[in-house]
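Welcome! Let us take a walk through this structure together, beginning with a single residue and then stepping back to the whole chain.

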Amino acid sequence: MKIALIQTRTPATHAAALAHVAPLVRQAAADGARLIATPECTNVVQRNRALLLPALRPLDEDEVVLGLRALAAELGVEILIGSALVRRDGDRDGSGAANRAVLVRADGSVAATYDKIHMFDVDLPTGETARESHAYTPGEAAVTAETGLGLVGLTICYDMRFPHLYRALAKAGAGVIFAPAAFTRPTGEAHWDILLRARAIETGSFVLAPAQGGFHEDGRGTWGRSIAIAPWGQVIGKLDHDEPGVLFAEINLAEVNAARDAIPALRNDRVFSLPVSGFSKAAE
């Protein structure tokens, strides 16, 4: 099956974001992609929380989500909105938000949603800091969903640093795991390819990562370099830049079975214990 990963440089308002991403989705569909995935923060990139949080809407009212749902129905394609920043369900005062992936069927209906579990709370060596948990409530459940491509697993960005999540998705039957991202430039340069290849190899899965790229209106810099990786760890497609664009890849799920049969790591798990240190508190 032909899939497309959309690389964006999402603007700071919802209307501009939809105008930015819609032509790229149309291009992907025109070139034969049947499942199209967009990056994290597809609907808005705005790091000023005083501006961002009041602008967020519930999922069923978000302008970009509604626009992409309509586009999926018009084009007859499935769309994974890598994430939309939305007001949490039932929260009308703007005090709570979710970083939520949205899988849209080819008729425009919502097949599944996933709230990012792992919050990006870091202090980078460059001096850059992030506290995602100050704005968003983390999800509590891993999610798989059926698509025309088969069973897929949903993750978002920082999740890729937690291999147990990917392993759980693979053991639940997902042969394809999406990792839409808005990676920082320092961490992207250092870790992007190697983390994603590791997650593919250790789970015997396709790992597909559409990314934000370039310098955004709010001053944020993201790494780009959207990438598609096969279950044996080969890079089967990559954008070598941070400009908006479309990356295509052909996905053959027979490669998943071949990789998992060759190295059955998912079946070779063993329960083990980790003894507590023998040192007493007094000895410390």
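Is Cys 41 buried or exposed? Cys 41 counts as buried, because its relative accessibility is 6%; buried means under 20% relative accessible area, exposed over 50%, and partly exposed in between, with a 1.4 Å probe and protein chains only. Before going on, please note that this is a predicted model, where local features need pLDDT of at least 70, side-chain atom pairs count only at pLDDT 80 or more, and totals for chains, interfaces and linings use all residues. Residues are numbered from 1 along each chain as its sequence is written, and side-chain values use heavy atoms, leaving out hydrogens and water.

Cys 157 is buried too, because its relative accessibility is 8%. A disulfide here is a pair of cysteine sulfur atoms within 2.5 Å, and the whole structure has zero of them.

Now for the wider view. The chain has six helices and 16 strands, counted as DSSP runs (helices are H or I, at least four residues; strands are E, at least two) and numbered from the N terminus. Its C-alpha trace spans about 60 × 50 × 35 Å along the principal axes. Of the 284 residues, 54% count as buried. Finally, look at contacts, meaning heavy atoms within 4.5 Å: among those with a separation of 6 or more, 67% join residues 24 or more positions apart.
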